[in-house]
Amino acid sequence: MLAVTALSVVFMRDLFAIVMLFGIYSLLSAGFFVTMEAVDVALTEAAVGAGVTTVLMLGTLAMTVRKEKARVKPSSLLPLAVVTITGLVLIYGTLDMPYMGDPDAPVHQHVAPRYIEQSYEEVGMPNIVTSVLASYRGFDTLGEVVVIFTAGLGVLTLLGVSGDRRHEKRPAVMEHHLVLKVITKALIPLILLYALYIQFHGDYGPGGGFQAGVIFGAAIILYTIIFGLTKGEQVITPLFLRYMMGAGVLIYGGTGVLSLLLGGNFLDYDVLAHDALHGQHYGILAVEFGVGVTVTAVMISIFFNFTGRSTLSKDEE
Amino acid sequence: MYFAISAAILVVMVLALARALLGPTVYDRILAVNMFGTKTVLLIAVFGLISGRFDYIDIALVYALINFISIVAVLRFFEYGDHREQES
Amino acid sequence: MAGILDMLSWFFLVGGGFLGITGAVGLFRFPDFYTRLHAASVTDTLCAGFIVLGLVLQATDAMMVFKLVMILLILTYTSPTAAHALAKSALHGGLKPLTDLDANNKSGAESTQPEGESPSTP
């Protein structure tokens, strides 16, 4: 099914249909991850790929054309040959690698057993993915948060900070969908609550900062979609969003600096409390919270920016 | 066995995918994606029961919410769109 | 007791699977978008309900039952709403449902009406 979807994405011209098919593609990937028992990754893929990415791509479509231009066809032999050769070389390279899940592979001999066996004693939480992400590889996650922050900065720089004020004169696009409005009003608090649950339950089950941030952002995006950008901006002002973006990264870095000041290394959570285990708990809590805050703010900012410039809806005329 | 149920859901998903590829109007495609999404939620929940891990139900829950949000977003961006613009 | 629970859950699961397949077949056989919407959304919600009920009867943990019930509530809440919103959008977008008039006009050769007489509007 994945191959069929991918091929049809390449050959179709209607960009709108392609966005829909992308949604299906990311669903299938999430299904893949579930069969491979990678629960956290499946959660992130489901939340990000099928939800927010589709919404943002639709926002882009609303700003640009709907059909792909007919491709002028120069000789496509050379690119095809390059791609095929690269693909074959890559496959040849992987022939040497050990099978997935092979217990004799070097990864499984040295690195993984250390995490699996000692993670509970050193960090004290059942979810090994979170402990690796936030504690053992804390620097990498700091890099990821900064990357997300930079992406938000990039969008704001390219598309303008305060957006158009034109949207204030328009009525909301979905004014007459009464049923949708009523149901969504009842649903949004539940979604926000669930986002908080995933944020703080990340220690024990799948979840953590990224997924929670995306779901929180998706709830606000839902509100903005149905009730209009003006009301959405009254709920969370763009100024507050900008502060949030920076605050998340600051919380993350601040935890690292705090552990420096308390006598340990940068991002060494052991020194944050009287006891190493408690220190790890507080550290991971703070760090994941920072991640969640930044991801939420960036998602909502990008969406506000895209919607403020959309030219598709007819009530502009 | 649960595999029969998973097989049934997979068959439905393949049919929905076919409709998404064919569907003459865009609304057909939106409908097919909606159905695909709901079936994915069910598939993940059934997988969770087959493998005995409780965590999969969280994923199913997230996905049910995201599916709804995605469909609403599509409708909003397509509100006064042209169904007459068929696939050439 | 366990046997009865098992049988009941099997009944629900199989029923849900049957409903799902019916809905998917309906997606293909119906002539018009609105009829397809009707088939897809009704069977979708019911199929989801049945399958989740079947899973609830098989669950081993109270937390699992609670989460499954939440999934059931969310799907029951949002699936019909999405179908309604879709239908409303399609109507606003100008997609016209297939009426009897169209069918009569299309099958003009096989209709039993006498020549030159236009079909009466209902």
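In this predicted model, buried residues account for 40% of the 317 residues in chain A. The secondary structure of chain A consists of 12 helices and 0 strands, so that, when chain A is read along the sequence, the pattern is α-α-α-α-α-α-α-α-α-α-α-α. Among the contacts in chain A that link residues at least 6 apart in sequence, 71% are between residues at least 24 apart.

The confidence of the prediction was examined for chain B, where the pLDDT averages 78 and 88% of the residues score at least 70. Over residues 80–88 of chain B, however, the pLDDT is below 50, and this stretch has 13 contacts in the model beyond near neighbours in sequence. Among the elements of chain B, the lowest mean pLDDT, 81, belongs to helix H1 (residues 2–22) of chain B, whereas the highest, 86, belongs to helix H3 (residues 56–77) of chain B.

The contact between chain A and chain B takes 41 residues from chain A and 34 residues from chain B. On the side of chain A that touches chain B, at least two residues each are supplied by helix H2 (15–35), helix H3 (39–63), helix H8 (178–201) and helix H9 (209–227) of chain A. Of these contributions to the side of chain A that touches chain B, the largest share, 12 residues, comes from H3(A). By residue class, the side of chain A that touches chain B divides into 31 nonpolar, 7 polar and 3 charged residues.

A further contact was found between chain C and chain A, in which 5 residues of chain C are in contact with 5 residues of chain A. The side of chain C that touches chain A is made up of 2 nonpolar, 2 polar and 1 charged residues.

The largest nonpolar core contains 135 residues, and the members that touch the most other members are A:Ile215, B:Ala16, B:Ala45, B:Ile59, B:Ala60 and B:Val72. The largest share of this core, 18 residues, is provided by H3(B). One of the residues named above, B:Ile59, illustrates how the two chains meet: leaving aside its neighbours within four places in sequence, B:Ile59 is in contact with A:Val34, A:Val39, A:Ala42, A:Leu43, A:Ala46 and A:Pro206 of chain A, together with B:Ile44 of chain B. As general background, nonpolar side chains in soluble globular proteins tend to be buried together.

Technical notes. Residues numbered from 1 in each chain as written. Chains lettered and ligands numbered in written order. Predicted model: local features only at pLDDT ≥ 70, side-chain atom pairs only at ≥ 80, totals over all residues. pLDDT = per-residue confidence, 0-100. Helix = DSSP H or I, 4+ residues; strand = E, 2+ residues; numbered from the N terminus. Contact = placed C-beta atoms within 7 Å. Nonpolar A, V, L, I, M, F, W, Y, C, P; charged D, E, K, R; others polar. Buried ≥ 20, exposed ≤ 12 C-beta atoms within 10 Å, placed from the backbone. Core = buried A, V, L, I, M, F, W, Y, C linked by C-beta atoms within 7 Å.
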